[in-house]
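Dear colleague,

Please find below the structure that I am handing over to you. The findings follow directly after it.

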Amino acid sequence: MTFLVIIIVLALIFDYINGFHDAANSIATIVSTKVLTPFQAVLWAAVFNFAAFFISKYLIGEFKIGNTIAKSVHENFITLEVIFAGLIAAITWNLLTWWFGIPSSSSHTLLGGFMGAAVAHAGGMVKNSEDVINYAKVLPTFLFIFLAPVIGMIIAYIITVIILNICRKAVPYKAEKWFRRLQLVSSALFSLGHGGNDAQKVMGIIGAAVIFFEVQNGNTAYTTLDSAHRFSHFVEDYWWVPVASFTAIALGTLSGGWKIVKTMGTRITKVTPLEGVSAETAGAATLYLTEALGIPVSTTHTITGAIIGVGATKRLSAVRWGVTINLLWAWILTIPVSAIIAAIVYFIIKAIF
């Protein structure tokens, strides 16, 4: 029981880190356009990060992304040691990328760590990773490493072109005033998407740990259920986990992530209030779509693609492709590096205990 409590605490710490690591995603444009001060922006984003709980529970009616994460590894290869090693790896990579100001994906860090530890645990028990990893759940997530930013980019490009055509005769001063106000709305929408997407990932990890613990201890409420229904039972039984997960990410957002704000808000392309509205609205639309499909995506990838789409409406040279290519490398490396770190941590744990 003590080990389970440690894992839950670690998962909530990761959730908190995810909040300040990814805070830049929802506030970078609103800070760079000076619509809000940094403190006002993180407070605004944090409120809507938590409000996403009510959207997921009462409007959508379920936590699909949490369920996807919990089932990304086949149950036979899930242990508390596996989850612990995965969390340590995810926290390590998140802190490293935060320190260097690299907007990597917390989602893929967590997924990579979980899978890497599970494969390490399997060892010689299986011929290949197909027996360990549930590819029906994982492959869509892999695909959306590339699809999420592309979708965000296309939607942002279309929205920006439409707005520019509608407002081509508007008085610039008045138009900017309106778009500064609208950016509050678009930022709130993106923060709702961020909270709904990312808080559920931690729920999924905690869910996997709790379900393993309950099954191992012979709790009939779990052993008599098939694996497809165990997560929904866990959510009802441990109602405080969703609340704690959404609270932790909101508190993390309040802590901010200023190095990444600088990268996202100024280094990819210069953003105006109009473009901020387009990027955030496009990012939010992408996140809502993927949440409805139950596919965990990176809010970092999504908003980066949207910002690139906005920059491309001016001219392709307006996008600083050198920065963008560096970000792409960070995205590609996140899952394998997290998996390797998790495997090393898992072997250390087994050697010690």
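**A buried glycine and its surroundings**

Gly 66 is buried, with a relative accessible area of 0%; the term buried means under 20% relative accessible area, computed with a 1.4 Å probe on protein chains only. The model is a predicted one, in which local features need pLDDT of at least 70 and side-chain atom pairs count only at pLDDT 80 or more, while totals for chains, interfaces and linings use all residues. Residues are numbered from 1 along each chain as its sequence is written, and side-chain values use heavy atoms, with hydrogens and water left out.

Gly 66 belongs to helix α3, which covers residues 64–70. Helices here are DSSP runs of H or I with at least four residues, strands are runs of E with at least two, and both are numbered from the N terminus. Leaving aside neighbours within four places in sequence, Gly 66 is in contact with Gln 200, Gly 204 and Phe 231, where contact means heavy atoms within 4.5 Å. The C-alpha atom of Gly 66 is also separated by 9.2 Å from that of Ile 206, which is 140 residues apart from Gly 66 along the chain.

Phe 231 leads on to helix α9 (residues 227–237), in which Arg 230, Phe 231, Phe 234 and Val 235 are buried. Seen down the axis of α9, these buried residues fall within an arc of 135 degrees, so they line one face of the helix; the arc is that of the directions from the helix axis to the C-beta atoms. The partners against which the buried residues of α9 pack are α3, α7 (172–216), α8 (220–223) and α10 (240–255).

**The chain as a whole**

The secondary structure of the protein comes to 14 helices and 0 strands. Of its 353 residues, 56% count as buried. Among contacts in the protein with a separation of 6 or more, 87% are accounted for by residues 24 or more positions apart.

**Helix pairs**

Two packed helices are described by the angle between their axes and the distance between the axes. The axes are lines fitted to C-alpha atoms, for helices over the stretch in contact, and the angles run from 0 to 180 degrees between N-to-C directions.

The axes of α4 (residues 80–99) and α5 (residues 106–122) come within 8 Å and cross at roughly 140 degrees. The two helices are therefore oblique to each other; angles under 35 degrees count as roughly parallel, over 145 as roughly antiparallel, 65 to 115 as roughly perpendicular and the rest as oblique. The crossing of α4 and α5 is right-handed: a crossing is left-handed if the near helix is turned anticlockwise from the far one by less than a right angle, and right-handed if clockwise. Residues making the contact include Ala 89, Ala 90, Trp 93 and Asn 94 of α4, and Ser 106, Thr 109 and Leu 110 of α5. By class, the contact of α4 with α5 has 11 nonpolar, 6 polar and no charged residues. Ala, Val, Leu, Ile, Met, Phe, Trp, Tyr, Cys and Pro count as nonpolar, Asp, Glu, Lys and Arg as charged, and the others, Gly among them, as polar.

Asn 94 of α4 is buried, with a relative accessible area of 0%.

For α6 (residues 135–166) and α12 (residues 273–293), the axes come within 8 Å and cross at roughly 135 degrees. That makes α6 oblique to α12, and their crossing is right-handed. Among the residues of this contact are Phe 144 and Ala 148 of α6, and Thr 286 and Thr 290 of α12. The contact divides into 12 nonpolar, 6 polar and no charged residues.

The axes of α7 and α12 likewise come within 8 Å, crossing at roughly 25 degrees. α7 is thus roughly parallel to α12, and the crossing is left-handed. The contact of α7 with α12 holds 11 nonpolar, 12 polar and 4 charged residues.

**A buried loop residue**

Val 297 is found in the loop between α12 and α13 (299–312) and is buried, with a relative accessible area of 0%. Leaving out residues up to four places away in sequence, Val 297 touches Ser 107, Phe 144, Ala 148, Asn 197, Asp 198, Lys 201, Leu 287, Thr 290 and Thr 302. Val 297 and Leu 287 are 10 residues apart in sequence and 7.5 Å apart in space, C-alpha to C-alpha.

With kind regards

Terms used: Buried means under 20% relative accessible area, exposed over 50%, partly exposed in between (1.4 Å probe, protein chains only).
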